[in-house]
Amino acid sequence: MSRSKSSKKTKFVCSSCGYESARWLGRCPSCGAWNTFVEVRDSSRKSWLVEAEEPRPVKLREVMSIKRERIPVGMGEVDRVLGGGIVPGSMILIGGEPGIGKSTLLLQIAHRLASKGAKVLYVTAEESLEQMGERARRLGIDGENIYILAESEVRTIISRVEEIFPEVLFIDSIQTVYHPDLTSAPGSVSQVRECAAEFMRLAKSRKIATFLVGHVTKDGSLAGPRTLEHMVDAVIYFEGERQLGLRILRSVKNRYGSTNEIGVFEMEERGLVEVTNPSAHFLSETNEERMGVAVISLLEGVRPILVEVQALVAPTAYGMPQRNTTGFDPRRLSMILAVLEIITGYSLRNSDIFVNITGGIRVTESGGDLGVAMAIISSFRRIPLPPGSIFIGELGLGGEIRVVKGIQRRLDEASRLGFQTAYIPHTSVESRDIKIVKIKNIEEAIQSCVG
Ligand code: TYD
Ligand code: MG
C-alpha cells in the first residue's frame, strides 16, 4: 500500500479496532496495533452511482410465493455448484491460483449464455483484446454475442456497463481493477474492497449478475479475495493440480444454494470439458490386487464419488520418519496413525508413510478414514485388500468405526460401478445389490480383510 498523502475523498481506518484517521498511521493511537490502517473511500460522500430505490417493509406472506429467477448456464457441472443457475443481480466470486483456468471457465460460461441469447459483457482488466481473441479461437467459440472491454478503471467500466446493460457481467480480475480516488495500488486490500463495493452496488441496483475473478496464491498471501468473501453472495473456488488436467469447482459460500456441491472438469487442448461421471474417472481400470490400495467414497453434496487411496509404508532410511500426503489432510493422517498404533499395536513410528488420493481430488470429509487406515495396514502387512471392495466410515479416537452421512447413496454408486463388497459402520442400511460387511472397530476390519 502506498503511504503517500491521501486525496480528500478517502480516509484511513484501523482494520483492528475501526479507529479513523485522515492520514495513514503506522500505529493505531486507539488500540495500539501496528500496520493496521487501510485506505477506504469516505462513505459520507454520496456514491456517484445512482442508488436503487429505498426499500420499504412488506409482509413476509407477500414474499413467500415469489420464486427466485435463475439463468441456467447450460453446463451441468456449473449449474449444480451455483444451485441451479445464476441468480440475477447476484455477485459471485471465483477464486483460484493464477493459471488454473478461471478465465477459460468464465469465457466458456459467457459463450453458453450468449448462445442462448443473453447479453454478456466480459471485462478484461489484465489481458489484452488480442489475448482474449486468442483464447476464444482456441475454445472454438464464435463470440458473436459476447461484448469484450479491456479496461481497468472502475468508473469507466461501470459507465460502459450502464451503456451496454448486460444481464451478466464478468470482471477479470478484481485485483487489476482500480478506483481513481484511492492512492493505494491495484490489488491492495483497499482497492479490492472499494472496487468490489462499486460492482456490488451496480449488481444490486441494476440487477446485473456479476462474476468477479480473484487470484489467490498457494499460501493465500495475496491481499484481497478473502476480505471479499463476506461481501459477495457466493464464493466459488476453482482448484486442481496444474500439471494434471483435473479441475474442481467448489462452492464455499452460497446464499442461493448448497455449499457442498462440486463440479468436475478436465482441462483439455480446447477448453474445459465437463466430467459427468467422476467415479469412473478416478478409479483405475485394473482389477488386479494391489497392496496399499483401497477404494473410498466421498460424498460431495448429493453426489458420491469413488476414489482410490494409495498408501506406502516404508522403513525410514535416515532419522525422522516422513509423513507425506497428496489430497489428504496431514493432521487427519496423524490422527489415524496414532489410533492404529495405540489400538492395533502396529509399530508405524519408524516408517515413512505416504498417502495419495489418486486423480488430483482432495478429501474433505471423514468418510474416507476407514479406507485410508486399511490402505496403510495393507501396505504395512504387504497383503492386498479383498478385490472389488469399498470402505466407508469415520475412524473414532477409540478405534471405533463411526457412521457418516449418505451411506445408502454411497453404496448405490459402488454397486453401480460393479463393486461387490462394502465395509461400513453398524447402521440399519441394507442392500440387495452389494454384499455389506458391518464393522464395529478397526480391529474387526483388519481381521476380516487381512487376517
Ligand atoms: P487461464 O484460463 O488463463 O487461467 P487463469 O485465468 O486462472 O489464470 O488458463 C490457464 C491455463 O490453461 C493456460 O496455461 C493454458 C491452459 N489452457 C488449456 O490447456 N486449454 C485451453 O483450451 C485453454 C484456453 C487454456
Ligand atoms: Mg485469467
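How are α3 and α4 oriented relative to each other? In this predicted model, the axes of helix α3 (residues 102-115) and helix α4 (residues 129-139) cross at roughly 70 degrees and come within 11 Å; because angles of 65 to 115 degrees count as roughly perpendicular, α3 and α4 are roughly perpendicular to each other. Their crossing is right-handed, and the contact brings Ser 103, Thr 104, Leu 107 and Gln 108 of α3 together with Met 132, Arg 135, Ala 136 and Leu 139 of α4. By class, the residues of the contact of α3 with α4 are four nonpolar, three polar and one charged.

Helix α5 (residues 154-164) packs against helix α6 (residues 189-206) at an angle of about 15 degrees, with the axes 10 Å apart, and α5 and α6 are therefore roughly parallel to each other. Here α5 passes α6 in a right-handed crossing, in which Val 154, Ile 157, Ile 158, Val 161 and Glu 162 of α5 meet Cys 195, Glu 198, Phe 199, Leu 202 and Arg 206 of α6. The contact of α5 with α6 comprises seven nonpolar, no polar and three charged residues.

Around ligand 1 there are 16 residues, of which Gly 99, Ser 103, Thr 104, Glu 268 and Gly 271 come nearest. Ser 103 and Thr 104 are also among the α3 residues that make the contact with α4.

| Residue and atom | Atom of ligand 1 | Distance |
|---|---|---|
| Ile 100, backbone N or O atom | oxygen | 3.3 Å |
| Ser 103, polar side-chain atom | oxygen | 2.7 Å |
| Arg 138, polar side-chain atom | nitrogen | 3.2 Å |

Notes: Residues numbered from 1 in each chain as written. Chains lettered and ligands numbered in written order. Predicted model: local features only at pLDDT ≥ 70, side-chain atom pairs only at ≥ 80, totals over all residues. Heavy atoms only, no water. Axes fitted to C-alpha atoms, helices over the stretch in contact; angles between N-to-C directions. Helix = DSSP H or I, 4+ residues; strand = E, 2+ residues; numbered from the N terminus. Parallel < 35°, antiparallel > 145°, perpendicular 65-115°, else oblique. Left-handed = near helix turned anticlockwise from the far one by under 90°. Contact = heavy atoms within 4.5 Å. Nonpolar A, V, L, I, M, F, W, Y, C, P; charged D, E, K, R; others polar. Near = heavy atom within 4 Å. Polar contact = N/O pair within 3.5 Å; in protein donor to acceptor, adjacent residues only side chain to side chain.
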